[in-house]
Amino acid sequence: MNEIIPLQNIKTNINAENWEQAVRISGELLLKNKSIKENYILKMIENVKKYGPYIVISPGIALAHAESSDDVLKNDISMIILKNGVKFGNKANDPVKIIISFSAKESKSHLKILSKLSEIMDNKNFYKKITNINKSEEIYTFINK
C-alpha cells in the first residue's frame, strides 16, 4: 500500500472553537510526527490571517500549509475531522469540518503532495464519506486504498 496519510496523523471527533485552533490541532500532528518545527504551525495560521481563507478549497475542506523552509523536517500530511465545523470567512465553503495540513521540504514535493490529495478528494463522495466515519482506522483505509 502506498501510504498517503499515516494512521497516527488522522484524528476524528475533534473539538475546535475556531479555525485557528483547528489548524493548530492539525499541525500538531505533524509536529508530533517530527515532520515540522513548531514555528511552521504559526506560519500556517499567519498565512490565513494575511491572505484570507484561501486554504478553504471546497465546501467543508481546508488545506493548511506554509512555504517550504527550515521549519519543515520532512514531507508529511495530517487530517482532522471536526465534530462541528468552524468558519474561516469563506462564505461559499464554510463551515469547514475537514482540515488537511501538509509539510513539504521543497517545491517539487509540494506539487506531488497536492497531486495525491487532489486524487483523493476527486471522489464525489469524499466529504460525505469522511465526515460520516468515526474511526481513524477506517479513514486511513479509505484514503490509502
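**Exercise 1.** In which loop is Ile 55 found, between which helix and which strand?

*Solution.* Begin with the ground rules: this is a predicted model, in which local features need pLDDT of at least 70 and side-chain atom pairs count only at pLDDT 80 or more, while totals for chains, interfaces and linings use all residues. Residues are numbered from 1 along each chain as its sequence is written, and side-chain values use heavy atoms, with hydrogens and water left out. Helices (DSSP runs of H or I, at least four residues) and strands (runs of E, at least two) are numbered from the N terminus. With these names, Ile 55 belongs to the loop that lies between helix H2 (38–51) and strand S2 (56–58).

**Exercise 2.** Decide whether Ile 55 is buried or exposed, and list what Ile 55 touches.

*Solution.* Buried means under 20% relative accessible area, exposed over 50%, and partly exposed in between, with a 1.4 Å probe and protein chains only. Ile 55 has a relative accessible area of 2% and is therefore buried. Next come the contacts, defined as heavy atoms within 4.5 Å: leaving aside residues up to four places away in sequence, Ile 55 touches Val 23, Val 48, Ile 61, Ala 62, Leu 63, Ala 64, His 65 and Phe 88.

**Exercise 3.** Find which residues of H1 are buried, and what covers them.

*Solution.* The buried residues of H1 are Trp 19, Ala 22, Val 23, Ser 26, Gly 27, Leu 29 and Leu 30. Viewed down the helix axis, these buried residues fall within an arc of 140 degrees (taken from the directions from the axis to the C-beta atoms), so they line one face of H1. This can be compared with a general rule: an α-helix has 3.6 residues a turn, so residues three or four places apart point the same way. The cover over the buried residues of H1 includes strand S1 (10–14), H2, strand S3 (61–64), strand S4 (76–86) and strand S5 (96–103).

**Exercise 4.** Give the order of the strands in the sheet, and name the edge strands.

*Solution.* Two strands pair if DSSP finds at least two bridges between them. The five strands form an open sheet with mixed pairing, in the order S1-S4-S5-S3-S2. S1 and S2 are the edge strands, since each pairs on one side only. Between S1 and S4, which run parallel, there are three bridges, and Ile 10 stands opposite Met 79 in S4.
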